[in-house]
Amino acid sequence: MLTLIFAGLLVMVFGKLLWFAIKAAWSITKIFVTIVFLPILLIGIAASGFLSIAFVGLVVVGLVSLIDTAL
């Protein structure tokens, strides 16, 4: 159940980051890091058993993206 919640939040946060990246016309490197590297890193952390650390990372990235899109 916790994994399902994590997956849902992951899709929401990185979907919002994808939209912001396209809207802000970032460079290809920043889009690559946002779309590929961060989700793989968080999934790797969650898969290795550190789900609580992955949740904290996901919440931090989500809050930063929420604040960044609000400005």
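Lys-16 is found in helix H1; helices (H or I, at least four residues) are DSSP runs numbered from the N terminus. This is a predicted model: local features need pLDDT of at least 70, side-chain atom pairs count only at pLDDT 80 or more, and totals for chains, interfaces and linings use all residues. Residues are numbered from 1 along each chain as its sequence is written, and side-chain values use heavy atoms, with hydrogens and water left out.

Stay with Lys-16. Its relative accessibility is 38%, so Lys-16 counts as partly exposed. That class lies between buried, under 20% relative accessible area, and exposed, over 50% (1.4 Å probe, protein chains only). Lys-16 and Ser-65 are 49 residues apart along the chain, yet their C-alpha atoms are separated by 7.6 Å.

Both residues also line the largest pocket. A pocket is an open set of points on a 1 Å grid over the protein atoms alone, where a 1.4 Å probe fits, with protein on both sides within 12 Å along at least five of seven lines; lining residues have an atom within 4 Å of a point. The space in the largest pocket is about 160 Å³, a volume filled by probe spheres set on points joined across faces, edges and corners. The lining also includes Leu-9, Met-12, Val-13, Leu-58 and Gly-62. H1 and H3 are the elements that give two or more residues to this lining. H3 gives the most, with six residues. By class, the lining has seven nonpolar, two polar and one charged residues. Here Ala, Val, Leu, Ile, Met, Phe, Trp, Tyr, Cys and Pro count as nonpolar, Asp, Glu, Lys and Arg as charged, and the others, Gly among them, as polar.

Now turn to the core. The largest nonpolar core has 12 residues in all, among them Leu-10, Val-13, Phe-14, Leu-42 and Leu-58. Such a core is a set of buried Ala, Val, Leu, Ile, Met, Phe, Trp, Tyr and Cys residues joined through side-chain atoms within 4.5 Å. H1, helix H2 (28-47) and H3 each give two or more residues to this core.

Leu-51 is one of the core residues and lies in helix H3. Its relative accessible area is 18%, so Leu-51 is buried. Leaving aside neighbours within four places in sequence, Leu-51 is in contact (heavy atoms within 4.5 Å) with Leu-2, Phe-6, Ile-45 and Ala-46. Leu-51 and Phe-6 are 45 residues apart in sequence and 8.6 Å apart in space, C-alpha to C-alpha.

Phe-6 and Phe-55 pair edge-to-face, at 5.4 Å centre to centre and 90° between the planes. Phe-6 lies in helix H1 (residues 2-24) and Phe-55 in helix H3 (residues 51-70), so the pair ties together parts 49 residues apart in sequence. Phe-6 and Phe-55 are both buried.

Ile-28 gives a contrast. Ile-28 sits in helix H2 and is exposed, with a relative accessible area of 68%. Ile-28 and Leu-58 are 30 residues apart in sequence and 22 Å apart in space, C-alpha to C-alpha.

Methods: Phe/Tyr/Trp six-rings, centres within 6.5 Å; stacked < 30°, edge-to-face > 60°.
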